[in-house]
Amino acid sequence: PGPRPRHCRQEHAVSELVRRIAEAKATGDYRALLDLIPYASWLGIDAALIDGELVGKLRFAPELIGNPALPALHGGTIGALIESTAIFRLFWDAETVVIPKTINLTVAYLRSGRPVDTYALARMTKHGRRVASAWVEVWQEDRQRLIATGTVNLLIEPLRTETPEASPPADR
C-alpha cells in the first residue's frame, strides 16, 4: 500500500495532538507537548506546572550567549522562550487542532539576561475563534525583577466539538 491520503494524515495528526494535550493535562507532564516543537527542545525550553501555573523554563547553556563580553543571553533565545511559553499556555487553556502559528511577537528587553536558567509565565489576554493573544513575563532568580516582557499573537484552529450537519443525499 502507498502513502495515506493527505486528509487521513491530517486527521491522524489532529487526533494525536488532542491525545497529547489531554494526557499532559491529566498527568501534569508536558514533555509530550514539547516533542511537538523540536526547536523549543533543541534550545532547552521546558514547561512545568508550578503552584498551579504553567511556567516555561530555558535551561542555560553556553551556546545561548549572545554577548560574551557581559556575558548575556542572546535576545533571540529570550524571544523563543516567550513564544514557546505562549504556545504551551494556549495548549493548557484550550485544545487546538494544529500547532498555533505565530502572527507576531513583540519583545521589550528590560535588562540583560545573565548566564543562568530563565523562566516565563504567559497569560492569555484574548482567545477568539482564529486568533489568541498572550502577555508573557520573563525573569531569572527573582520573579519581581523581569528581564523581558512580550506579547504574542497566534493563529489558531480550535477543536470543534459539535458534529457537522448531515449532508443532503446526492441526486441520482
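Student: Where does Ser-133 sit?

Tutor: Ser-133 is part of strand S7, which covers residues 131-139. Strands here are DSSP runs of E with at least two residues, helices are runs of H or I with at least four, and both are numbered from the N terminus. Keep in mind that this is a predicted model, where local features need pLDDT of at least 70, side-chain atom pairs count only at pLDDT 80 or more, and totals for chains, interfaces and linings use all residues. Residues are numbered from 1 along each chain as its sequence is written, and side-chain values use heavy atoms, with hydrogens and water left out.

Student: Why is Ser-133 called buried?

Tutor: Buried means under 20% relative accessible area, exposed means over 50%, and partly exposed is in between (1.4 Å probe, protein chains only). Ser-133 has 10% relative accessibility, so it counts as buried.

Student: What makes the link between the side chains of Ser-133 and Asn-153 a polar contact?

Tutor: A polar contact is a pair of N or O atoms within 3.5 Å; within protein, one must be able to donate a hydrogen and the other to accept it, and residues adjacent in sequence count only if both atoms are side-chain atoms. The side chains of Ser-133 and Asn-153 are joined at 2.5 Å, so the distance passes.

Student: Which residues is Ser-133 in contact with, leaving aside neighbours within four places in sequence?

Tutor: Contact means heavy atoms within 4.5 Å. For Ser-133 the partners are Arg-123, Met-124, Thr-125, Lys-126, Val-152 and Asn-153. Lys-126 and Asn-153 are 27 residues apart in sequence, and their C-alpha atoms are 9.0 Å apart in space.

Student: What makes a group of residues a nonpolar core?

Tutor: The members are buried Ala, Val, Leu, Ile, Met, Phe, Trp, Tyr and Cys residues, joined through side-chain atoms within 4.5 Å. The largest one here has 36 residues, and Ile-45, Phe-88, Val-136 and Val-138 touch the most other members. Helix H4, residues 75-93, gives the most to this core, with 9 residues.

Student: How many helices and strands does the chain have?

Tutor: There are 4 helices and 8 strands. Of the chain's 172 residues, 35% count as buried.
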